[in-house]
Amino acid sequence: MALQGPIPVGFDMVFPHGCYVVGEVEPVKDFDASTNGRFVQSRDKQSGELVWQVAVMDADPTVKPGQKTVAVKILAPVQPVPPAPMPGLPFTPVEFDHVTVTPYVNGTGRLAYSIKVRAMRAPRSAATPAPAKNTVTTAKDAA
């Protein structure tokens with residue numbers, strides 16, 4: 001099978017209604033390398049980058065309350081900083097770049113997904129127009 005390892009997906013595929021930061025960005029513990037009193041941060045098996053984690057709340061209104069908060073792992077050499085809070089909002093909106101998902105069977109026997117990203121940023125403004133995609137203007141269009 002050609003599809004192996006993390007599956008690249010778009011942010012909108014994972015969070016079509018957006019998401020919000022609801023926790024601190026924290027290092028992920030490498031349970032095999034850490035010992036009593038000695039913390040060792042986990043590294044991604046493929047890239048070797050340090051692994052950080054942040055809790056986010058899915059803004060999809062159809063998601064069950066118990067499934068709204070998910071952990072997103074961020075691969076980065078230094079601790080990522082969430083976007084600045086927006087005035088008037090109780091949570092900080094966030095978007096992620098270079099998203100991958102890895103399916104697995106969780107402890108209850110259900111299908112789950114591990115979400116890994118390369119960057120965290122403030123959402124792009126809906127008021128900002130998207131760049132044109134390969135448009136060609138002809139004399140007929142200009143008339």
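Good morning, colleagues. Please keep in mind throughout that the structure before you is a predicted model.

I begin with the chain as a whole. Its secondary structure comprises 2 helices and 9 strands. Read from the N terminus, the order of elements is β-α-β-β-β-β-β-β-β-β-α. Of the 143 residues, 31% are buried. The accessible surface amounts to about 10200 Å², and carbon and sulfur atoms contribute 57% of that area. As for contacts with a separation of 6 or more, 60% of them join residues 24 or more positions apart.

I turn now to R121, a residue of strand β9, which spans residues 119-121. Is R121 buried or exposed? Its relative accessible area is 19%, and the cut-off for burial is under 20%, so R121 counts as buried. Which side chains make polar contacts with the side chain of R121? One is that of E95, at 2.8 Å. Another is that of D97, at 3.0 Å. Leaving aside residues up to four places away in sequence, R121 touches P83, V94, E95 and D97.

H98 sits in the loop between β6, residues 92-97, and β7, residues 99-105. The backbone deserves a remark here: the phi angle of H98 is near 55°, a positive value in a residue other than glycine. With regard to solvent, H98 has a relative accessibility of 61%; exposed means over 50%, and therefore H98 is classed as exposed.

Thank you for your attention.

Notes:
Residues numbered from 1 in each chain as written. Predicted model: local features only at pLDDT ≥ 70, side-chain atom pairs only at ≥ 80, totals over all residues. Heavy atoms only, no water. Helix = DSSP H or I, 4+ residues; strand = E, 2+ residues; numbered from the N terminus. Buried < 20%, exposed > 50% of the residue type's maximum accessible area, 1.4 Å probe, protein only. Polar contact = N/O pair within 3.5 Å; in protein donor to acceptor, adjacent residues only side chain to side chain. Contact = heavy atoms within 4.5 Å. Areas by Shrake-Rupley, 256 points an atom, 1.4 Å probe, with all protein chains shown as cover.
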